[in-house]
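Biologist: Could you show me how to read pockets in a protein model? I'd like to go through an example together.

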Amino acid sequence: MAEEFEPKIMAFICKWCTSAGADLAGVSRLEYPSNVIPIQVMCSGSVSPLYVFSALSQGADGVLVSGCHPGDCHYMKGNYYARRRLALVKKLLEYIGLEPERFQMSWVSATEGVKFTQIIKDLVKELQPLGPQTKLRRN
Amino acid sequence: MVSEDKLREEVKKLLQEGKIKYFIGYENGGPGWLARPAFIQQPEAVSRLIWSPGCVHNLTRFLQDEKRRRAREKNPDLRPVGLIVKGCDSRAINVLLQEKYIERKDVYLIGVSCELLGVVDEAKITRRLYPAKPLQVRFGAKETILVLTDQGEREIAASEVLADRCLECPANFPLVADIVLGEKINRPNPQPYQSIASFEAKSLEERWAFWQEQFSRCLRCYACRSVCPMCYCDECVADSIVYAVSADTTAEEKAQKVKWVERNPEPQENIFYHLVRAIHLAGRCVDCGECERVCPVGLPLRLLNKKLEKEAKALFGYEVGLDANSPPLISCFRDNDPQDFIR
């Protein structure tokens, strides 16, 4: 039996909300796929488009940027900037022909451990049929 | 109609009165129809100035050189620099003002209205007139362009030879200027994003195949970056050799410079470079078309820039360069920005 493809997902998660949410998922012993490589950033607003491109070019099959819900940002408005900037990144990546599932964003608060596990599960399920990301990967 | 005599007269007056340091305009560029940038310092030299459909350059790019020169000099001449601006160039000035790269008093702008015409596209005019060679272009009456070729003079409908960007221009008259020459006639602009419409309609795989083929041709000569009036950073993230290194730079500082993109022209590196370039121009590109014009391998870079311009308008209602007092696109937000793509 052929092994199922296991996508590698880079997750840029904000220190104040999603990271705490992921911790909550951990301490609550909720299970989720181990495909995700979380990178803690201070704010989703600090995620430069370069991070996303760089992750894809270094072989990530999917990229997730996750931050606080609008209005809950620790720095008041960082996630609003992220939303605007990354919307453009998403449009650009789709425009040059990358599958839209490969770059995703989510809002996960510190209490939403269940939501975090669900997002990772969904992401893995969506990325599995696409296979490895070779379009932007560096040779 | 913009009168060249009036233009020369105004520039001469400015130079004689010492109001400006020097003037950047256009002059005849040798045997072809394409004008070239002219730097006028003496009042007598104003006779070199021209205004024709061959004046394609965006002269605001030279403000970067001026800014660097000022930073270098001990006692810089702080008088403003005179400049011809078309509609598109004036939007570039607005963006530079928005970003506080220049101050309004640093420049003295002579705006020229393109009226119902614009500038000529090299490929289009060559194809249209083949086998005749265009030698000189002039604005004609009633939306035509008069072309002097080696086989006599021709009159061509403007819509046949104007650059695509001129046909889609959102503001064909200068939005910011000290003196405006020519009439302010609004060109009807029924399909502002026509050039990308057919491309957007393609499937994901077709789009990928197209870009992969295009980007694999890129030589990474960085001409698109050099000519862009918006690419003014001293250090470019996409190019590791322009990191500012002085005698005082410590090894630690050097080690901390992140090399995001390799310089070798491999397809994947090229894509990275062009993605970075495109996203850095989101909400800043004024569609002056210079990157596409100077590209030695003819990459369709406008296609990328125009897409982000369109998305900025569709998602955030933002139009580039119309107002120097509003914040730049990604330095502001609205509470109701679309977030349907976020889980």
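Modeller: Let's go through the pockets of this predicted model.

Biologist: Which element gives the most to the lining of the largest pocket?

Modeller: That's α4(B), with 4 residues. Other helices of chain B that each supply at least two residues include α6 (164–167), α7 (194–200) and α13 (301–316).

Biologist: And how does the lining of the largest pocket split by class?

Modeller: You get 11 nonpolar, 9 charged and 3 polar residues.

Biologist: Why does the largest pocket lie between domain 1 and domain 2 of chain B?

Modeller: Because both domain 1 (1–188) and domain 2 (193–334) contribute residues to its lining.

Biologist: What volume does the second largest pocket have?

Modeller: About 450 Å³. It is lined by 21 residues, with B:R225, B:C231, B:Y232, B:C233 and B:C236 the closest to its centre. In chain B, α2 (62–72), α9 (223–227) and α11 (267–280) are the elements giving two or more residues to that lining, and α11(B) gives the most, with 4.

Biologist: How do the classes and domains look for the second largest pocket?

Modeller: Its lining has 10 nonpolar, 8 charged and 3 polar residues. Domain 1 and domain 2 of chain B each provide at least three residues of the lining.

How values were computed
Residues are numbered from 1 along each chain as its sequence is written. Chains are lettered from A and ligands numbered from 1 in the order in which they are written. This is a predicted model: local features need pLDDT of at least 70, side-chain atom pairs count only at pLDDT 80 or more; totals for chains, interfaces and linings use all residues. Side-chain values use heavy atoms; hydrogens and water are left out. Ala, Val, Leu, Ile, Met, Phe, Trp, Tyr, Cys and Pro count as nonpolar, Asp, Glu, Lys and Arg as charged, and the others, Gly among them, as polar. Domain bounds come from an automatic or database domain assignment. On a 1 Å grid over the protein atoms alone, a cavity is a set of points where a 1.4 Å probe fits but cannot get out, and a pocket is an open set with protein on both sides within 12 Å along at least five of seven lines; lining residues have an atom within 4 Å of a point. Grid points are joined across faces, edges and corners, and a volume is the space filled by probe spheres set on the points.
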